[in-house]
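Biologist: I have the model open. Can we go through its chains and contacts?

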Amino acid sequence: MDILNNLFTNIYNAINAFLNGLLGGAGLRPDAASAIVAAIMGLIVGTVVLLFGVGVVLTLIWLERKVAARVQDRVGPNRVGPFGMLQPVADTIKMFIKEDIVPTNADGLVHLLAPVIALAPAVLAFVVVPFGQGMQPADLNIVVLWVVSVSSIGTVGLFMAGYGSNNKFALLGGMRAVAQAISYEIPQVLTIVPIILLAGSMSLVQIVQKQSTLWYVFVLPVGLIGFVVYYISALAEVNRTPFDQPEGESEIVAGHHTEYSGMKFGLFYLAEYFNFFIVCTIATTLFLGGWQGPFLPSWLWFLIKTYALILLGMWIRMTLPRFRVDQLMKFAWQVLVPISLINIVLTGILLMFFKVG
Amino acid sequence: MLTSQFLTYVAFFVLSAIALIGAFLAVTLRNLVRAALGLILSFMGVAGIYFVLEAEFVAIVQVIIYIGAISVLILFAIMLTRGLMTSAASTQNSQWIGAAFVGMLMFAVLFFVAITTNWPLAQPHTISDLIPRLGADLVTTYLLPFEAVSLLLLAALIGAIVIARE
Amino acid sequence: MIPLQFYLIVAAILFCLGLFGALARRNAVAILMGIELMLNAVNINLVAFWRYVKPAAPTMDLAGQIFALFVVTLAAAEAAIGLALIIAIYRSRDTVNVEDVDLMKW
C-alpha cells in the first residue's frame, strides 16, 4: 500500500540521490553540484508532467468520441487499435502531415504566435497541481492565483488568432471568446475566495491537507454552491458546450480557429483539452479533497475524481443545446456573479459564528 | 551562492530587455493591434521583474489585472474604433520630435537622481508570511485608502457603463 | 544582489518611453497605452524601494507593495473610464484622433 502510494516520490528521490552521488563523486564543488542537480531534476519533472499532459489529452479525445457515440447510440471509433484507442494517435499523425495554410492578407507573425500563446499558459498551470501526496511539481503560497493569472493569458492567444486570421468569422469568434472568458473569470475567482477563507491559505497543497476530514464541497451550503458555480464557469471558460459560442459551427464556422490548419490547429485542439483537464483538476483540488481518500493510492484517487468531473462535462456537452450570446452574458453577470458574492458573505458568517472548516 | 547570484542577474537583464523592447514596440509601431501586443509583452517583463524582486503577489496581480483585464480592454477598444485606424496617415503627431526630446530630458533627470542620491538602504529582507501580512495590513494600517479605492472602483464601474452606453 | 539603481534606471527608461508615447501619438487609445506604461514604471520603483530602502516605521514595511497594488487598481479604473470615453467620442464624432476632437479650443 505504502509502496504504491509513494511510488513516484520514491522514484524522484532515487534519481535525485543518484545524480547527487554521481556529481559529488566527480569532484564538483557542492554548491555547483546541487545547482546542476536541481536544474536536471526540474527538467525531468517538467518533461514528465508535459508528457503526462499530452497523454491525458490523447485519452480525453478518445474518451470524448466514445462517450459522444454512446450518448447518441453509436459505437464510435473502433478501427485503429483495441476499442479504437489509437485513433487519436492516427489523428495526430494526420495533422502533422497536413499543409500549413496562411491566408493571403493575414498578419503572419500574429497568426503564427497565436496557437503558441493559447497553449503555453495551459502548460504553465499544470506545474502547480498536486497530483498526489507530496507530488506537486511546484508549490508557493499564491498558486491559486497563479492558476487564475495564467488562464487569463490564454485569452490573449484567442484574440490574436481572431485578429491575425483576417477573416470575419475568426474575428467574431475571437471577440466572443475574449468577452466570454473575461465574464466567466469573475465568478470563477469569486468562488475560489470562500475556499481560501475556509483553508486560510492560497497554497493548493495546504488546501488539500485541510480537507482530510471533510471535503469542502460538503461544507454546506457554501461548498456546494461554490462547486456548482465554479464548475459552470469553468466549462464556460474553456468554451465547451453549452458555452461554445466562440466556435459555434452553425453560426460562425469554427470561430477563432477557422483559418488554422495542420499542426497550428493541432495546438489549439491540444490547448482546449489541456484547459479542460486543468479546470477539472483544480475543481477536484479545491472542492473534492484532491488526493484525499481511503484505501487506494493518493494519485489514483486524484485521477478518479478528475475523470469523474471530465465525464460529467462530456455528459453535459452531449445533452444540452447551445446558449444564445445575450443569454450567456446575462447568465454570467446577473446570476453567477451575485450568487458567488452572496456565497462569500455566507462563508464569512459561517466562519464567524459556527467556526466551520 | 555565486551560481544563484549569477542566475538572478541573467533573469533581471533578460526580463528588463523584454519589458523595454515591448514598451518600445508599443509606442512606435504603426499597427495599433501589434502595438497593444507589444504592450502585453512589456507587462509580462514587468511581472517578471516583480518576481526577481520577490514580490510575487504584486507580480501575479500584474498579470491578472494588466494582461487579463486592461490589455484586453485596450484590444477591444482598438477593434471597436477600427474605422479610422486603417488609413495610411502617420500615427505620430507633429510634435513627436519635441516629445522625444522631452522624454530624453526626463530620462537624463531621472538617471542623474537615481545615480547621485544616497538612498537609505537596508538589508534586503524577505517576509515569509507575506500574503497574510498584506491582507492584514490592508484592513488595519491602510484601511482608509483601501475603502477609498473600493469606492473609486465602484464609481468607475458605474461611470464606464453610463458613458459607454448607447 | 542587484543594485537598486539598476531597477531605477529600467523604470526610468520605461517611464520615458511611456511619456513619449503619450505625447507623440495621435490615436487616443495609443495615448492611454503610454499612460499605462508610465504607471508600470512607477510601480517598479515602488516595489524596488520596498525591497531595498529602510521603512519609515516598522509597521510600514509593506508600504511599497501596498501602494503598488493601489496603483494597479487605479490603473484599472482609469483604463475603464478612459476607454469608455474614447468609445463615446468615436460614436459621436467618428474619430479617435485627438487632433480632431479639440472642440473646446478655438
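Modeller: Helices (H or I, at least four residues) and strands (E, at least two) are DSSP runs, numbered from the N terminus. This is a predicted model: local features need pLDDT of at least 70, side-chain atom pairs count only at pLDDT 80 or more, and totals for chains, interfaces and linings use all residues. Residues are numbered from 1 along each chain as its sequence is written, with chains lettered from A and ligands numbered from 1 in the order written.

Biologist: How many helices does the secondary structure of chain C have?

Modeller: The elements run α-α-α from the N terminus. Chain C has zero strands, and its helices come to three.

Biologist: Is chain C spread out or compact?

Modeller: Take the radius of gyration over C-alpha atoms; the globule rule is 2.2 Å times the number of residues to the power 0.38. For 106 residues the rule gives 13 Å, and chain C is well over that at 18 Å, so chain C is more spread out than a compact globule. Along its principal axes the C-alpha trace spans about 55 × 25 × 20 Å.

Biologist: How many residues does chain B bring to its contact with chain C?

Modeller: Two residues are in contact if their C-beta atoms, placed from the backbone, lie within 7 Å. Chain C gives 66 residues, and chain B gives 71.

Biologist: Which helix of chain A gives the most to the side of domain 1 that touches domain 2?

Modeller: Chain A is divided into domain 1 (1–97) and domain 2 (101–353), bounds that come from an automatic or database domain assignment. In their contact, 19 residues of domain 1 of chain A meet 23 of domain 2 of chain A. With 12 residues, the top contributor on the domain 1 side is helix 3 of chain A.

Biologist: At roughly what angle do the axes of helix 5 and helix 11 of chain A cross?

Modeller: Axes are lines fitted to C-alpha atoms, for helices over the stretch in contact, and angles run from 0 to 180 degrees between N-to-C directions. The axes of helix 5 (residues 108–126) and helix 11 (residues 262–287) of chain A come within 9 Å, and they cross at roughly 30°.
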